[in-house]
Amino acid sequence: MIIQPRIKGFLCTTAHPVGCAEDVAQQIDHVRRYGPVNGGPERVLIIGASGGYGLATRITAAFGCNAATIGLFFERQAARNRTASAGWYKSAAFTNMAEAAGLYTRNINGDAFSDDTKQRIISLIKEEIGQVDMVVYSLAAPSRTLPDGTVARSSLKPIGEPFTGVTLDINSSTIRPISLEPATPQEISDTVRVMGGEDWEIWIQALLDAGVLADGCITTNYTYLGSEVTWPIYYHGTIGKAKEDLDRAALEIHKKLSRIDGSARVVVMKGLLTGASSAIPGMSLYLSLLFKAMKSRGIHEGCIEQTTRLFTNQLFNGNVPEFDEAGRIRMDDWELSETVQSYVKDNWSKINESNLSDMTDFAGYREAFLQLHGFGFTGVDYQADVAQTVDMALVE
């Protein structure tokens, strides 16, 4: 079939297998150009491995450290006239390229919140690689089935006061107002249960109890704090409460891992267009301004640039990580530089449809959105008839 982007709001309901493979290939090329990472992990479990920072971390670990990787994700295969999800295509492409390079690669497609999935991962580690040196938790899920069977759903809402702002329409390049009522206490609680640190704690405890964490094991969890202009909907909203819970969980996990000389760290990444961030109200305008400011200064990074810099400058290569006052590793330092944030703040309230293309990089934002789903890559023939079904080896 000929596959074109089908966009509804902030969602693209199609994905292109060839374009997704090109995305993975370009990320691998970046890691290879950067060179090998000394002292990196040899066996890595990535929870949430099919896109964004999780996939980029898997690529960095595999092609920068020659690490064996186990990737856990929850993606869909193609069915009838429907394409597979972008995460499926990218994970399949990664698997093919990693195996061609002689790298150990295993995939499990399942619900990361379930006890059954945790036990499947533990069994796989025990049977095939013994232990892991690094566990990366990079999960972005809209809901979570709790142990009692109830379902908690996350909300992207302000707390205390209503939020009014604007968002950019991907299809029409128009600016439209948005308004959100404050979250209820239940919505705040549910968002923390889904996006906070509780499941990360459960994972590490289960892996620790099973004896599959190697001495000195590192675990990381990615977060985003953002700029003052996004705080009303982000850091001071429901998602901010979940991020606070990550800091709490990191401290608890760090204590537990002390018995194997391990460590747990929250890593603050820069603002980027990912499947999760595209759903956040108002972020499209902020990221369009941010891309403009950072690209003009030559310091813009995508997911793979961030994870490669994290591995080479912070976690490994003989480096001692630098922490902020809360014990986090900060990779958002370039985003929060005074010159970048001054540009964003000075122009935040000035943007309208007539100056959108000049004062922001909305074109770059839209390109990044399309590339999330395998579209917009030069060298890919999007008029070609391609098979939407792509097979991938999974551990059952």
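**Sheet, helix packing and aromatic pairs in a predicted model**

Val-44 is buried, its relative accessible area being 0%, where buried denotes under 20% relative accessible area, exposed over 50% and partly exposed the range in between, with a 1.4 Å probe and protein chains only. The structure is a predicted model, in which local features require pLDDT of at least 70 and side-chain atom pairs count only at pLDDT 80 or more, whereas totals for chains, interfaces and linings use all residues. Residues are numbered from 1 along each chain as its sequence is written, and side-chain values use heavy atoms, with hydrogens and water left out.

Val-44 belongs to strand S3 (residues 43-47); helices (H or I, at least four residues) and strands (E, at least two) are DSSP runs numbered from the N terminus. Neighbours within four places in sequence being set aside, Val-44 is in contact with Ala-61, Ala-67, Ala-68, Thr-69, Ile-70, Met-134 and Val-136, contact meaning heavy atoms within 4.5 Å. Between the C-alpha atoms of Val-44 and Glu-325, which are 281 residues apart along the chain, the separation is 28 Å.

An open sheet is formed by 7 strands in the order S5-S4-S3-S6-S11-S12-S13, with parallel pairing, two strands being taken as paired if DSSP finds at least two bridges between them. Strand S5 (105-109) and strand S13 (329-330) stand at the edges with a single partner strand each, so one side of each is left without a neighbour in the sheet. Strand S4 (residues 68-73) is joined to S5 by 5 bridges, and the two run parallel; Ile-70 stands opposite Arg-106 in S5. Helix H7 (residues 238-257) packs on the sheet, where it touches strand S11 (213-223) and strand S12 (263-268), and the direction of H7 makes about 155 degrees with that of S12. Axes are lines fitted to C-alpha atoms, for helices over the stretch in contact, and angles run from 0 to 180 degrees between N-to-C directions.

Helix H4 (residues 115-129) packs against helix H6 (residues 198-209) at an angle of about 35 degrees, the axes lying 10 Å apart. In this packing, Thr-117, Lys-118, Ile-121, Ile-122 and Ile-125 of H4 meet Asp-199, Ile-202, Trp-203, Ala-206 and Leu-207 of H6.

A search of the whole structure finds 6 aromatic pairs, for which rings of Phe, Tyr and Trp (its six-membered ring) must have centres within 6.5 Å, planes under 30 degrees apart counting as stacked, over 60 as edge-to-face and the rest as tilted. The ring centres of Tyr-53 and Tyr-222 are 5.6 Å apart with the planes at 50 degrees, so this pair is tilted. The pair links distant parts of the chain, with Tyr-53 in helix H2 (residues 52-65) and Tyr-222 in strand S11, 169 residues apart. Tyr-53 is buried at 11% relative accessibility, as is Tyr-222 at 8%. Phe-362 and Tyr-365 form a stacked pair, 6.0 Å centre to centre with 15 degrees between the planes; they lie 3 residues apart in helix H12 (residues 362-372), and are therefore separated by about one helical turn.

The buried residues of H12 are Phe-362, Gly-364, Tyr-365, Phe-369, Leu-370 and Leu-372, and their cover includes strand S1 (7-8), strand S2 (11-12), helix H3 (86-100), strand S9 (163-168), helix H8 (283-296) and helix H11 (356-359).
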